[in-house]
There are 2 protein chains.
Amino acid sequence: MQHKTIDELLKSEKTHIDVIVRGWVRSFRSNRFIALNDGSTIKTLQCVVDFENFDEEILKKTTVGAAIEVAGVLVESQGQGQTVEVQVSKLTVLGEANPEDVKLTILSPKRHSLETLREQAHLRVRTNTFGAVMRTRSKLAFAVHEYFQKNGFNYMHSPIITGSDAEGAGEMFRVTNLDAKNPPLDENGNVDFKEDFFEKETNLTVSGQLEAETYAMALGKVYTFGPTFRAENSNTSRHLAEFWMIEPEVAFNDLDANMDLAEDFIKYVINYALENCADDLEFLENRLLEEEKNKPQDERSEMKLREKLRFILENNFKRVSYTEAIDILKRSKPNQKKKFKYIIEEWGADLQSEHERFLVEKHFKSPVILFDYPAKIKAFYMRLNDDGKTVRAMDVLFPGIGEIVGGSQREERYDVLKQKMEAMDISTEELYWYLDLRKFGTAVHSGFGLGFERLVQFTTGMGNIRDVIPYPRTPGNAEF
Amino acid sequence: MQHKTIDELLKSEKTHIDVIVRGWVRSFRSNRFIALNDGSTIKTLQCVVDFENFDEEILKKTTVGAAIEVAGVLVESQGQGQTVEVQVSKLTVLGEANPEDVKLTILSPKRHSLETLREQAHLRVRTNTFGAVMRTRSKLAFAVHEYFQKNGFNYMHSPIITGSDAEGAGEMFRVTNLDAKNPPLDENGNVDFKEDFFEKETNLTVSGQLEAETYAMALGKVYTFGPTFRAENSNTSRHLAEFWMIEPEVAFNDLDANMDLAEDFIKYVINYALENCADDLEFLENRLLEEEKNKPQDERSEMKLREKLRFILENNFKRVSYTEAIDILKRSKPNQKKKFKYIIEEWGADLQSEHERFLVEKHFKSPVILFDYPAKIKAFYMRLNDDGKTVRAMDVLFPGIGEIVGGSQREERYDVLKQKMEAMDISTEELYWYLDLRKFGTAVHSGFGLGFERLVQFTTGMGNIRDVIPYPRTPGNAEF
């Protein structure tokens, strides 16, 4: 007889069949009712033990966290809260779990702080909260792939180790094989990276965009989905040193088409989560309500978790130019009453999270796409508008979180790009291959980047980004 | 009117409709027939120009590699080789391509060596060969996700930067932020990694398996699919310093179930490629035939590419113990006639690619799974058999390529694992979390690793692993 998952059994339409189930004990009430979980669902399967007929030693070992196997008959449940349960005929303890061990207390129903759980990152995924988050994360990742593949995109693995540090998107980590203490030196007394593994200085990628562009100019529609790195000393609830990024890039798409793509894509993956993670999202919604009970009224979320997700699906993303947004912000109450931390004085200001959230949550009350930003606050590769001072950039802004997507139409004109690189001190020699794209059959193209963990945070309602990735890497932290 | 991809148009059942198509010129015959490609398929769309009615300047710029837009009517084709074509009413050159530029010669129909193309990795994907390989790579990657998600697995992102160097699977790259020339030193004069970004020495991961095990012991079935790294100085056609690895891990699976999973999984993804990459695989099959024409008869493949793929689907993987395999090899002709480079003398020998290929290609004439290897040639985490000298390891061996999958049932017994780690000098302190899995609800579990590039090589028939990943990283090479 094949062993079935609890998710399969709970969905089973047949009862009065023999089953074998394996999982971990979540609770054991009255020496009679085992709540069994195997990770396939947040739900537990009730396994009913007729304790008088079982070995007392085995029952004693049936403690929270123990791995067990039960054989029995699947029957309709008499009790509340479940439709089926197992009448156990045989109970085997596969792996004990000492109920006295302090590490196991994280499995007790008593609430533990997320900080405490973070220290047990190898065990926290056994809790309801982290099980729900990580199952949802997996489903969201699949939705990303499914969306792009359905729409004719090619998945492209951009390189992780890069010899180019030209993009300037952020501080990089060095990848090296040289002796850490006594590196070889060249004749000028500098570290001789020619002796390193790649015979040059190499770093961990901060973005796969530039390489993705090379593929878009051949395959048409491509996307990356891989890890990216920032060596920035940001100890916040929004930053990780290692995170996963999604970067689609499409030949012949202008900025409008890019905005259409971003909106359609985000709605697809969020809808996928709503449809495929119903139980986990219900749990996470209740968790959030519980958590926010301790907060003052005005700090609580305006919408429940799934309501917020449906809000994204049901609203057109409002498209607003940066210039218009600055006007709105300048005239806004929080700006005039100096409630913003950063007062908007004039056109050209970089928007902060508080401004983005004001636009989304207070002013438009819908997701917002800002576009046509000042050239001087954006990257070198964004296409210059005819006004000579704005670029075809766009940011998608979400309630509660601010920027979730940043993208642009890329500068496809060789001369304009070269000039801009020189003005911004980006090496045209090192990025010769990026300029080549503008020499040989150049065309309009656009793309964007979405930090996957931000999406998971938004979808699961988790406040700290360290709680939506299995093993978070932050300054001072690379455990496990 | 929306712009459609060439793949969509070629599959279109409607003709006599207005279309706009954008892509890159592959050829322009007789000032009349443009073969247009946009990367959505290996096929080109024939665009017919009535040259007398077009501006001569524009026709002159319609050169190989140029990006163009054509507007016209989709009609049934009179010519051979295509069912539909476009009667062009308007032709716009979006981006020129100087036909004199030496870099563009790689787009000419003349064959270029794969080595030459490798130096133009940003442009090589515009050739038929690399377009076909990279589209197939994308489809294979999706098949991996689809298979696991359909079967209830959770995708898990194991960490890339790791603080643990305990696994010993290979040489690692150091990830650091310290000054390369003058790193801070501690009181003993050693490099003070406490001053580094993560406050300890960190490396790039060689495998996500150990972390995947922590998730399997909570979520039941998980898989990783991410980049892994080896700082080994192997300049071969089979090794990369950066490659993508797939590692499923399943709680309650023993080695037999693990073998079932590996076989079922591989057949699924290969079948997916056969069904979804028909045009690309046909092209690659012909490319390979062409390439092998120059080889002596006995070095040519016995089967055509797609025949070889179907061979995998149609054969049960033969399961053979290591001990049995050694007997077969010892008695084999190439061993007795000393044709093997490494003669098999006795039980305990590590098998080389030549031995694996002999078993698959000559002896069994089917894919083979070897299992129960000597403990001393395998990793510390593999489950010890009762004989005390073999472990529950398995390798899947394929024709032409040798090992494609390596896996094992993991040692789930705390005492046995701890003893083995100590004997093999693996730090039990550093891997306390790995031992914890055996303390709290331990259970039988198994998994395997499959190097994604090996799979792409096998499926596309490409001889060199550098030609199946966009930007290969090898000793001395981290270009782009």
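**View 1. Contact between chain A and chain B in a predicted model.** Chain A brings 109 residues to the contact, and chain B brings 109 residues. Together the two chains bury about 8900 Å². Carbon and sulfur atoms account for 62% of that area. On the side of chain A, the residues that lose the most area to chain B are His157(A), Phe252(A) and Phe440(A). These three make up 9% of what that side buries.

**View 2. Salt bridges between chain A and chain B.** The count between the two chains is 4 salt bridges. One pair joined by a salt bridge is Lys200(A) and Glu479(B). Their side chains meet at 3.7 Å, N to O.

**View 3. Polar contacts and the side of chain A that touches chain B.** Across the interface, 37 residue pairs are in polar contact, with both residues at pLDDT 80 or more. Helix α4 of chain A, residues 128-150, supplies the largest share of the side that touches chain B. That share is 11 residues. By class, this side of chain A holds 54 nonpolar residues. Another 31 are polar and 24 are charged.

**View 4. Strand β8 of chain A beside strand β8 of chain B.** The strands span residues 174-176 in chain A and residues 174-176 in chain B. They run antiparallel, joined by 3 bridges.

Conventions
Residues are numbered from 1 along each chain as its sequence is written. Chains are lettered from A and ligands numbered from 1 in the order in which they are written. This is a predicted model: local features need pLDDT of at least 70, side-chain atom pairs count only at pLDDT 80 or more; totals for chains, interfaces and linings use all residues. Side-chain values use heavy atoms; hydrogens and water are left out. Contact means heavy atoms within 4.5 Å. Buried area is the accessible area (1.4 Å probe) that two parts lose on being put together, summed over both. A polar contact is a pair of N or O atoms within 3.5 Å; within protein, one must be able to donate a hydrogen and the other to accept it, and residues adjacent in sequence count only if both atoms are side-chain atoms. Helices (H or I, at least four residues) and strands (E, at least two) are DSSP runs, numbered from the N terminus. Ala, Val, Leu, Ile, Met, Phe, Trp, Tyr, Cys and Pro count as nonpolar, Asp, Glu, Lys and Arg as charged, and the others, Gly among them, as polar. Two strands pair if DSSP finds at least two bridges between them.
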